[in-house]
Amino acid sequence: MKILRIDKRRCIGCMACVLACKQLKSHRGLELIFVEEVSKGEWAPTVCMHCQQAPCVNVCPAEAIIKLPDGVVKRADESRCIACRNCYLICPFGVPKIDDQSKLMVKCDLCPERRAKGLLPYCAAICPTGAIRYEESVETSIERKIETAQRLLRARPLT
Amino acid sequence: MATIQTHCPFCSIACGLSISLDLFGRPKQVEPNYNFTHNRGALCPRGLLSLEWMRHQERLKKPLIREKNGFREASWSEALQKIASVFRSLIENYGPTSIAFYASSRLSNETLYLFKKLGYEVIKTPHIDFNDRLGVASARAAYSLSLGSSEPPNPLTDLLATNLVLIIGADPCSCHPVLMRYVFDARERGAKIVTIDPRKTQTARMADLHIQIKPGTDVAFLNGALNQLIISGLIDRDFIVARTKGFDSVQEAVSKYTPARVAEITGVKEEQLRAFARLYAQSPTAMVIHSRGLEQHQKGVSAVLACINLALATGKVGKRGCGFLPLMGHVSGVTSYPNPSSYGLKEGFTVYEMIEAAYRREIRGMYILASNPVVSLPETGFVVDALQKLDLLVVQDVFLTETAKLAHVILPGSTLYESEGTINAVDGRRVKLKRAFNTPKDAKEDWKIICQLAKILGANQGFEYGSAEEVLDELSSHSKKTIMRRDIDEQGLAVVGDPLVSDKIEKKRLYGDSFAHHDGLAAFYMVEYAEPAELTSTEYPLLLITFKTPYHFLTSSETGRIDFFKQKCPKPYLEIHPATAEKLGISQGDRVVVRSKAGKVEAVAEVTDTIRDDCVAMPMHWFKEGWVNLVVPKHFDPISKIPNYKAIPVCVERK
């Protein structure tokens, strides 16, 4: 399946993804992608990983969160969610959020409206530096290997 | 629901974007344009939030005239009549040279052309200048001198084909985020990134090699690098003989820049200089990106020339992946032509000369279009005094800026989403701006205001245009003549980006076969490191650098009105190295006073090891508190007249 891959070596912490995510109509002004400054100049964007064995799906007592056939872990069904925070507590990435207004859990669905139109998820499209990519997880793993190999081959002390 | 495709009004990448409108024609949201080649769907927060300032409640909606107890609203005819009558009496009593015009170049080609036409043709004053003077003036002068034209030589896509990206005195991560996509893509294809900057900026962190140089010493470093290349025989002799002239004098001059001497001047270790020279020579191709850090010095033109010398000596010019990308801070209309000589006038004053002339009461009327010199020019106190001496100050802008507060008449203008026209991007590519929505209430499009003013001032013909396109046609007829002459004027601002490159056509690479000088050769200019007029002393031991933060833009009259940026970066601060801070007894968050010969300013200390220990740095955006130009003295490059904003001797103490 296609997921969002973060290239930390490209993230400059500009927050364009966060702002774009917020502006999406179905998000009601909430951002579902997060960028934290780990240390000065080191940025860590966090997105939903759409886990194969998603803990949020497993712990939901109301069976409100489901994994769709295409692999996307869909946000809680509004008619079922009881806002118990179980998903929010168990997610190792801290991705699910409880919307205080609607008292519902919200998380990234990978922009289904945009994908239906053939567009990339908004954060992947908007990222100025190309740090967020929407791609097959197999591709990602191959590219990782090549990247690291290249880096090691090229590695030469500069000073 | 309609969407309008136009371009971002902020940095010079000119990202394509589309604005969706509701049924009443009001703008709803900005989305990126997926088809424009510069950004292909990417957009940074400035573009994404640009509607917030354009629809801000503080927008000027009606012309204002100053009375004894503040401003009062006036009608357009009253405001324009007042301007016309004062200008007429000034011309009658003191001659047309008593009036000066100053504009931001972040306006469409058409607006800037009409602004100049009004000045040169109707008022007949030669004194017209643009805020390019504070930005790209040094780069343009150096490119004209050396390569024959100040046009940006390479398309953006050349970054993807290069082996080395050399970023000197620029922080695209903060100022041109979308450009970093090109740089990172290049890195993925195997390119190295080298930055030369006194601050460890976000860009410098991401580089393979960061040379933390002492501000204002780039000439020495680049000359030293060239010397290393000559000694090691790594220069391209064939290219030098066939395509350039004047190398011998440069060779002799740079031989004095031994690694030991360079290390002493620049504070860069000898090994780093050698590593840099080796890396540069070993890369088959190299692209140089430079910006204000290199240019805003008393030797700004020399620094750019040193940079060009290095590229010329190694033949890294005019090929795929080889050349230069001089960054403009913002999208820019063409400012260099028509020039005063096309109207039979002499060269006029540069902006600071205008301010000085206003102080001497030589200039008595000023028309400032969409610029905020009170915040942006050095020695603020002097600028304010000078502007207050004017008989008439007209400011046309979208907000009540610090400059507008001093005006006698304020005209409410338009933003780039509200007017038709064309504007130029970083590589000289012209893009078309479309009007997405109307100006608020009585505000008008800038170019229409200029036409109206021209008519009231008595221009019988020549200001009747049905559309902005007619203006562009007229401008283009001027451009051909100038482009053919390709010579440099005394101000060093001759031929700029050819506005005839259209948005449909990819920008072409220049200098593949010949340079723009008459003989087709590029000229080496011998440049020497010279000590600045003001050196650090025991009284003023630190060097102050001014810089842009990632969150604000120029004088922050726009980004300062967007909540997100205000929250992210609410206060001016002073970056200071932990060692320096300890010596001065300053800790994180203390209020400090920065003093120079020109004045003093207060800020909050931000202790960080990202800056050299002999420097401090302050962002340039704020007024009221932290107005950094209060301490920036009047020192200019002799050729480009760019002020020195980057190396100012100061002292810092705890308040």
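What percentage of the 655 residues in chain B is buried? Buried residues (those with 20 or more other C-beta atoms within 10 Å of their own, C-beta atoms being placed from the backbone) make up 61% of chain B. This is a predicted model, in which local features need pLDDT of at least 70 and side-chain atom pairs count only at pLDDT 80 or more, whereas totals for chains, interfaces and linings use all residues. Residues are numbered from 1 along each chain as its sequence is written, and chains are lettered from A and ligands numbered from 1 in the order in which they are written.

Chain B contains 22 helices and 25 strands, defined as DSSP runs (H or I of at least four residues for helices, E of at least two for strands) numbered from the N terminus. Its radius of gyration, taken over C-alpha atoms, is 24 Å, close to the 26 Å given by the globule rule (2.2 Å times the number of residues to the power 0.38) for 655 residues, so chain B is as compact as a globular protein of that length. Its C-alpha atoms fill a box of roughly 70 × 60 × 55 Å along the principal axes.

Chain A has 6 helices and 8 strands, arranged from the N terminus as β-α-β-β-α-β-β-α-β-β-α-α-β-α. Of its 159 residues, 33% are buried.

The two chains meet where 19 residues of chain A are in contact (C-beta atoms, placed from the backbone, within 7 Å) with 28 residues of chain B. On the chain A side, helix 1 (16–23) and helix 5 (122–126) each supply at least two residues, and helix 1 gives the most, with 4 residues.

Key: Buried ≥ 20, exposed ≤ 12 C-beta atoms within 10 Å, placed from the backbone.
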